[in-house]
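Subject: Structure for you to look over

Dear colleague,

I am passing on the structure we spoke about, and below it you will find notes on what turned up when I went through it. Please read them with the model open beside you.

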Amino acid sequence: MALPKIDVPRYPVTIPSTGEEFVMRPYLVKEEKVLLLALESQDTQQIAMAVRNLITSCIEGELDIDTLASFDIEKLFLELRAISVGDVIELNSKCKECEHENPVSVKTSEIKLTDHDPDSSTIRLTKDVGVTMKYPSAELISSIDAENLDSVSGLMDLVSGCVNTIFDAENVYDVKKENDKEVQDFIESLTAEQFQKLGEFFVNIPRLEYNLEYECAGCGHKNEMELRGLASFFT
Ligand SMILES: [Zn+2]
């Protein structure tokens, strides 16, 4: 006998960086299992892969996940999790005073994505020459080792992966269509000051933020801390 099939509800969802609208369904038990295993592993690559696969399966329509900024993926995941298992995330927070682990709950709907300034992506290097930047994709970030991000070569990889166009008074060059080596040479020919201007773009990238406040059950200390980025809600 064929058992009944359950209709899955669908919810509208907006891509933060582009404003594009899609429809998303909750993840299913079999999909959640994969996610939970990844979270348990505490392995960032494995978690990123699970999150990415979940979003790809649950969003309907033509969404190219590789074009999304990493904060898009983080925000989509929070929304996906909220429609799938509920709006509350339970986590343990270590007291700043006594290190007691306090169970706290955070409402997904109160986790904000910080604002982005669309103008900050155009950076003038000289009077005529400049670049436009795009937000780093999750793929790019995971391709650069976390430790490496603080090094010059890691920063170089990050910056060159995020230059979208290079322009002068006459032309706009789409970096995707240019020779990698030439783009690399262009970036390496910048002065330290110009390179720093590109680096500043990354300081203001939108990120998930939540102000966590609670009184420690162990010592009574009033803790106030800012949780930033998806990982801080799941560790
Ligand atoms: Zn305490």
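A residue is called buried here if its relative accessible area is under 20%, exposed if that area is over 50%, and partly exposed in between, with a 1.4 Å probe and protein chains only. Please keep in mind that this is a predicted model, in which local features need pLDDT of at least 70 and side-chain atom pairs count only at pLDDT 80 or more, while totals for chains, interfaces and linings use all residues. Residues are numbered from 1 along each chain as its sequence is written, and side-chain values use heavy atoms, with hydrogens and water left out.

I begin with the metal site. The zinc ion is coordinated through the SG atoms of Cys 95, Cys 98, Cys 216 and Cys 219, at 2.3 to 2.4 Å, where donors are N, O and S atoms within 2.8 Å of the metal (3.2 Å for Na, K and Ca), and sites may look incomplete because water is not among the atoms. The four donor atoms subtend angles of 104 to 118° around the zinc ion, so the arrangement is tetrahedral, a label given to four donors if all angles lie between 85 and 135 degrees. Along the sequence, the donor residues follow the spacing C-x2-C-x117-C-x2-C. Cys 95 is buried because its relative accessible area is 3%, whereas Cys 98, at 35% relative accessibility, counts as partly exposed.

Turning to the interior, a nonpolar core means a set of buried Ala, Val, Leu, Ile, Met, Phe, Trp, Tyr and Cys residues joined through side-chain atoms within 4.5 Å. The largest such core has 36 residues, and those touching the most other members are Leu 35, Ile 55, Ile 59, Val 106, Ile 111, Leu 212 and Phe 233. Helix 2 gives the most to this core, with six residues; helices (H or I, at least four residues) and strands (E, at least two) are DSSP runs numbered from the N terminus. Apart from this core lies another, of 24 residues, including Cys 162, Leu 190, Phe 195 and Phe 201.

As for the overall architecture, the chain has seven helices and twelve strands, and 37% of its 235 residues are buried. Three of the strands form an open sheet in the order 1-2-3, with antiparallel pairing, where two strands pair if DSSP finds at least two bridges between them. In this sheet, Met 24 stands opposite Ile 59 in strand 3.

With best wishes

Technical notes. Four donors count as tetrahedral if all angles lie between 85 and 135 degrees; four count as square planar and six as octahedral if opposite donors are over 155 degrees apart and all others between 65 and 115; anything else is irregular.
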